[in-house]
Amino acid sequence: MNRRKALGLLLGGAAQVVAQAAGAEGLVASVIPKPRPADLYRRSIPTGEALIAAAGLSGEVSYAVAGSATGDLHEVHEPLLRLPPASVAKTVTALYALHHLGAEHRFVTRVLASGPVVNGVVQGDLVLVGGGDPTLDTDGLGVLAGKLREAGITGVKGQFYVDDTALPRIAQIDGEQVEYAGYNPTISGLNLNYNRVHFEWKRQGEDYSLKMDARAERYAPDVRIARISVAARDLPVFDHVAGQGRDEWTVARGALGNGGARWLPVRLPGLYAAEVFQAVANAQGVRLPQGQRGTVNGMGSGTELARIESAPLSVVVRDMLKYSTNLTAEAIGLTASKARGLAPATLAGSAMAMSEWAQSALGMRHVALVDHSGLGGASKVTTVDMVHMLSAPGVEATLAPLMKPIPMRDAKGNVIQNSRVSVHAKTGTLDFVSALAGYVDAPGGARMAFAIFAADVPRREAAKAAGAEERPQGARTFNTRAKKLQQALIERWAGVYAG
């Protein structure tokens, strides 16, 4: 190329650039798009505060989330609010019982005799001795009676007693609950069918047939210790009067419809167990007289004729966390306090001892529980304390395998199949209280400990003061919104803090 052509090309190119600049008001962007920031997706995730505002919940919300291995907090919202944990309190009870009793502890129910056996007949008294087993059911008593029959026992010359003194007798867990709530039973050292009786009714013309039994899978004997009759009223649905040696119930005719069934609490659990054991024993050829309360110490030394044991405590705790059985929580909590050498006469006393243990052993600075199940709304704890507990040394390895999986759901409430987020946690629900605490596994293998509490305490207290029924107006809506918020927060953390 000669000099003239080269100069022409240079001048032509310069002219083109000048023309483009004159007609385009300058160059504002590169023709090659810039790469997106690596954390653009995370920036698009709503903040926790925005999710809380969108939930439309009355009352207060608190949450905390941390790395489960280190306990280092990722984020919090009102972490020092002291709110009712509801059944999330059972996680503290689980650790308390496992620590003081051991994972292999088994509850034992025994049959003792005060005299020798002659030709199959006990020459003295027979005593059914409870060991505080919260899982004992009618079928279990059937197995125990079968062992007596296998040993050749056919009858008793003396009296038949039940000893329910292994744990203090406590009339009910929480006095604020409705009288007929099956989840609020009496507690004693001899518990049966979670101290509930099965009530079934069917319309027959203008009347009803009523049945009360102690049903399990194999046995379902009718009971006389609890009786019920229909009353010509609409409310209250059920009413209870402690009769002479039995529970007297009435049910409102206006609430019965054509038929149905439900469990009612038993207020005389020792006598209930005595009647049921008598029935299942008689069915197997072991004739027993009517039972009455009495203690082993009162009859002197006895010879053990038969025993049954519960599943290991680890299994009992797993089922308690899965089904949230209040009686199980109270029984194992009281038994743990007893194992420490304490002698609490009330749930509040035992729960206070458990709270003090949690403060010293688990770093929970603001925990004050009034029972072991969380049924009492006066219990208070902070979410940051729950996270401290969940991330304390050794707790995750103990507790996480015993927690139930919580499915992730979409905006319509449908379970997300093959979700990349895995949650194992404990739920908690009271009127106008919803709680969730446990562990979340995010994509990339990051495991976090978290706690979310939502509560409208004034609204709950107002409903209780007004004598509301089992589910006061507005409680269902509150719970639904709180659960949606829980899911939204977990989705946020799984996105923001993924490995």
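User: Which residues are linked in a network of salt bridges?

Analyst: Start with the general idea: side chains of opposite charge can pair when their charged atoms come close. The cut-off for a salt bridge is a side-chain nitrogen of Lys or Arg within 4 Å of a carboxyl oxygen of Asp or Glu. Here, the network links E200, K211, D213, R215 and D222. A word on the source: this is a predicted model, where local features need pLDDT of at least 70, side-chain atom pairs count only at pLDDT 80 or more, and totals for chains, interfaces and linings use all residues. Residues are numbered from 1 along each chain as its sequence is written, and side-chain values use heavy atoms, with hydrogens and water left out.

User: How far apart are the closest N and O atoms of D222 and K211?

Analyst: They are 2.4 Å apart in this salt bridge. K211 sits in strand β10 (207-213), while D222 is in the loop between β10 and β11 (226-231), 11 residues away. Helices (H or I, at least four residues) and strands (E, at least two) are DSSP runs, numbered from the N terminus.

User: Is K211 buried, exposed or partly exposed?

Analyst: Buried means under 20% relative accessible area, exposed over 50%, and partly exposed in between (1.4 Å probe, protein chains only). K211 has a relative accessible area of 31%, so K211 is partly exposed.

User: How many salt bridges does a search of the whole structure find?

Analyst: The search finds 16. One of them joins the side chains of R492 and E75, at 2.8 Å from N to O. Because R492 is in helix α14 and E75 in strand β2 (residues 73-77), this pair ties together parts that are 417 residues apart in sequence. Both R492 and E75 are buried. Another salt bridge is between E396 and R447, with 2.9 Å between the closest N and O atoms. E396 belongs to helix α12 (residues 395-399) and R447 to strand β20 (residues 447-455), so that pair ties parts 51 residues apart in sequence. E396 is partly exposed at 23% relative accessibility, and R447 is partly exposed at 28%.

User: What does L144 touch?

Analyst: Contact means heavy atoms within 4.5 Å. Leaving out residues up to four places away in sequence, L144 touches T109, V111, L128, F277, A306, R307 and I308. The C-alpha atoms of L144 and R307 are separated by 6.4 Å, although the two residues are 163 residues apart along the chain. L144 lies in helix α5 (residues 138-150), and its 0% relative accessibility is why L144 counts as buried.

User: How much space lies in the largest pocket?

Analyst: Rolling a probe the size of a water molecule over the atoms shows where empty space is left. On a 1 Å grid over the protein atoms alone, a pocket is an open set of points where a 1.4 Å probe fits, with protein on both sides within 12 Å along at least five of seven lines; lining residues have an atom within 4 Å of a point. The largest pocket holds about 900 Å³, a volume being the space filled by probe spheres set on the points, which are joined across faces, edges and corners. Of its 36 lining residues, Y183, N326, L375, T429 and L430 are closest to the centre.

User: Which element gives the most to the lining of the largest pocket?

Analyst: That is α14, with 6 residues. In the second largest pocket, of about 510 Å³, α14 again supplies the largest share of the lining, 8 residues.
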